[in-house]
Structures are given as structure tokens and as C-alpha cells.
Amino acid sequence: MKKSYKLIPSLVKGLAISSLVFGLAACSDSSSNASDDSNDNGKKYGFSFMVENSQFVGTASLSADQKKVVDDFIEIPNKGSVQYFNGSIYVLYVEEMNSTLARYELDENNNMAEKPAATAKFKGTHALMMKFVDKDKMYVEQTLGDALTALDPVTLKEKATIDLSKYIDQKNGAVSTVPNSAVVRDGKMFVAVSQMIDLNSMITGAQGSVIVIDVKTDKVEKVITEDMTAAVGVIDDMNNTMSFIDEDGDIYFYSNAAMGWMDGYKEGFVRIKKGQTEFDKDWVFHLHDAAYAGKKTNNNFLMSGGAYLGKGKFLGFFGNFEDPSNYNNYEWEFVVIDLKKKTIEKIEGLTPTIPWFAPSIHKDSDGKSVLLGHADKKGGAVYRYDIASGKVSKEMDVVTGTAYYIVPLED
């Protein structure tokens, strides 16, 4: 069926703040055909283009005509996330208070199947994030369910559910413990949890909390905390863009200090060193302390998601949420954050954009460049950032909606 679209320049203008926090990605079990670019020899990627209250998911090359290929993508709700793993595209999405995970297989040309090979349902909860351990296990994080569900990545049959409600920090007034950014290292999953004091106002506890889980037994080993930042990990649907493991084996989490709305809450990067299961209390990087744009301090400036480049560098956004309209204003700048030197440098060649493009930022499979979505008042595009040179080049014009997820089709 031919679809009609209307591009909203503000991307998500008018949506409630809580809706933005709990999900602006996409997915669904629509039976629309996947894109077929069999005449294009270009490398394909998984894409999600956001159009009003929907997203359209499929695969295409960067040289494809975006306006045409999106017609054959599947239509899905605008809350959820998109990932590639082991020959399949996984989409996890929310409708009302129910969530669905669907696995779409790719053929030899990396075209996405019309219908999912497997699905899993989660009733009465927002499930927004996935974490793959290996070919035998993945996790789905239930944002409003105080739980993690372990699944078989192929059949999507449940293996176990880990109840996180017993770890709610009731002593300090929390009513829910929301799992968010996570990494897997040395057979353990380190999952940041937001101790929510007020879900309606998005008020979190003043310290950072991470739950350490044995992925073989699905048992919680310990809960670790740190007071150098607040709300570490961030509630996001951006597939763990606020956490990563560097080449030294150290784990990093970023906290945006409850989006900067709480007086006295501190933002910044914290880490768990290789071989350790406690926070490194001797290291923290508050972005507010770094020089940027000629200023020695950056009060109310925060980082919003991105991708780890290697050698201690992270590509993300820099801006602030002091004014709620900044969700939709073209005011956020692409930057490279150097965790070793504790510096922040603006990427030249890109105009300011919206922070919700964070899920589009993916390091390409060659390890030499990063793909990222972008939009301003003039329109949208997909760009490539060359890590070695720092130069930016346009890869695709986006005229239908905005590029939200751009996922390399390699593990």
C-alpha cells in the first residue's frame, strides 16, 4: 500500500516529556515488504526513519533513493528500539502498556523478511532496550516492570525473569528501579538502574546504581553505588548509547544527572576498571568542568548518547535540557569527548541538530568511520564521520521523515 508522509521539522514536537524519555525509537510486526536493492552493489544497513508517530524499518544501501525505499519498509510505533544480531533485525516496541519483540531474518542480499520469524510479548510494561550476550542468550529490559527477561535470541522463548523490585532503594524514597544502559563483560551484565522517586516528574535518586548479574545463572550478585554522579546510565531507548567497554576492558557509564533538572545533581562519566565489580572512586569526568567553545565551565550542558570511537574517544551530542523546548530545537552540537584528556571538541561541518538522533550514531563495521543521522531547518541527511581525519561527508539525503537508527549489518 502506498503511504503518504508529512515531515515534521521539529521531529517530535508536542510530545510529552515522559514520552520522549520512555521511547522515541521504533518497531512492529507489520507485513509490509522489505526493501529490495538487488541492483545496488552498495553495502546495506538497517534503517529506521521516523515519520510523525511512526517509524519505518528496513534495509537499504546508502546510495539508495531514501524516498523510494521507505515505501517498502515495515511500519512500527515510535517507541522502542532496533538492533542487528546474527543475521536478523530485532525490533522492540511499545503500544500503550504492552511491548513486543520481533525478529526479522535477513536473506543472502540482506533484505528483511516481510514477517517476523519469532515474536515475544510483554504485558503491562514498557520494554525498550535489548542486550545480546551470545547466540544463546539475550535480555530485554522492562523499563516500567522492574525486571529483566532472558530469552533465546532465535526462538525468543523466555529463559528466566530477573525480579529487580527487591532492589528498589526504598530507604531513600524510590518507588521503582528502572533498568537502562548495560554492558556485558567477563560473564557478568552490569546494568545501570534509575532509582525513581517520582515517575510522573522523572525524579531519580541522587546516586548512581548498577546491578551486577551473572549471565550464566541469571542471579544478581551485588548492587554497587557511587555518589560522584546521579542517575547513572540514563533511561533511554537508544540501545545503551550511555555505556560501553573500551579496549582496555574498562566499563564507562554516563549520567546526565536526571537531565540537569535537579539542583545539586552531578553529571559525568564514571568507570568500573577491568577485572573489578566496584566503581573506580578515584576517577570521574564531569563534562561541566571541561573547556568548550572558549569557556572554562559549561553549566547546564550535558551529553546525549552516541558511540565509542576507540582510544578513549566518544562521539556524541552536547547541549542542555534546561529549557524543555530544547528537545525539539536545533541546538545540540556533535562533539568528540576525550576521556583520557578530559576535553570536548566540536565536530566541524555539521549544523546544530536535535539530541534524539543519538540512536543513529553507529561506528561502522570497518572501525574507521561513524554513521550519523542529522536534520536542521533545511532538511535531513545521513553523514559519515571519518575518525582519523575528523572530516564529515554526506552519504544520503533524507526527505521522508528523519533518520533515527542506522545499524551496520555485522556483529
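Buried means under 20% relative accessible area. The model is predicted. The protein contains two helices and 28 strands. Of its 411 residues, 60% count as buried.

**Overall picture**

- The protein exposes about 16900 Å². Carbon and sulfur atoms supply 45% of that area.
- Take the contacts with a separation of 6 or more: 54% of them come from residues 24 or more positions apart.

- Ala147, Thr149 and Leu151 point one way from β10. Leu148 and Ala150 point the other way. Buried residues therefore lie on both sides of the strand, given that buried means under 20% relative accessible area.
- β9 and β10 form a hairpin with four residues between them.
- β10 also pairs with strand β11 (residues 158–163), in the antiparallel sense and over five bridges. Here Thr149 stands opposite Thr161 in β11.
- β10 and β11 form a hairpin too, with six residues between them. In that turn, Leu156 has a positive phi of about 65°.
- Strands of a sheet pair through backbone hydrogen bonds, either parallel or antiparallel.

- Why does Asp146 count as buried? Its relative accessible area is 12%, and buried means under 20%.
- Ala231 is found in the loop between β16 (219–226) and β17 (243–245). Phi of Ala231 is near 55°, again a positive value in a residue other than glycine.
- Is Ala231 buried or exposed? Ala231 counts as buried, because its relative accessibility is 6%.

**Nonpolar cores**

- The largest nonpolar core has 59 residues. Which members touch the most other members? They are Ile89, Phe269, Leu287, Leu315 and Ile337.
- Strand β20 (residues 302–310) gives this core its largest share, five residues.
- A second, separate core has 17 residues, including Tyr45, Phe49, Ala60 and Met396.
- Look at Ile89 in the structure. Leaving aside residues up to four places away in sequence, Ile89 touches several residues, among them Gly46, Val57, Val82, Tyr84, Leu106 and Met112. Leu409 is also one of the residues that Ile89 touches.

**A four-stranded sheet**

- An open sheet of four strands has the order β24-β25-β26-β27. Its pairing is antiparallel.
- Which strands are at the edges? They are β24 (362–363) and β27 (392–398), and each pairs on one side only.
- β24 pairs with strand β25 (residues 369–376) in the antiparallel sense, over two bridges.
- Lys363 has Val370 in β25 as its bridge partner.

Note on methods:
Residues numbered from 1 in each chain as written. Predicted model: local features only at pLDDT ≥ 70, side-chain atom pairs only at ≥ 80, totals over all residues. Heavy atoms only, no water. Pairing = 2+ DSSP bridges. Buried < 20%, exposed > 50% of the residue type's maximum accessible area, 1.4 Å probe, protein only. Contact = heavy atoms within 4.5 Å. Areas by Shrake-Rupley, 256 points an atom, 1.4 Å probe, with all protein chains shown as cover. Core = buried A, V, L, I, M, F, W, Y, C linked by side-chain atoms within 4.5 Å.
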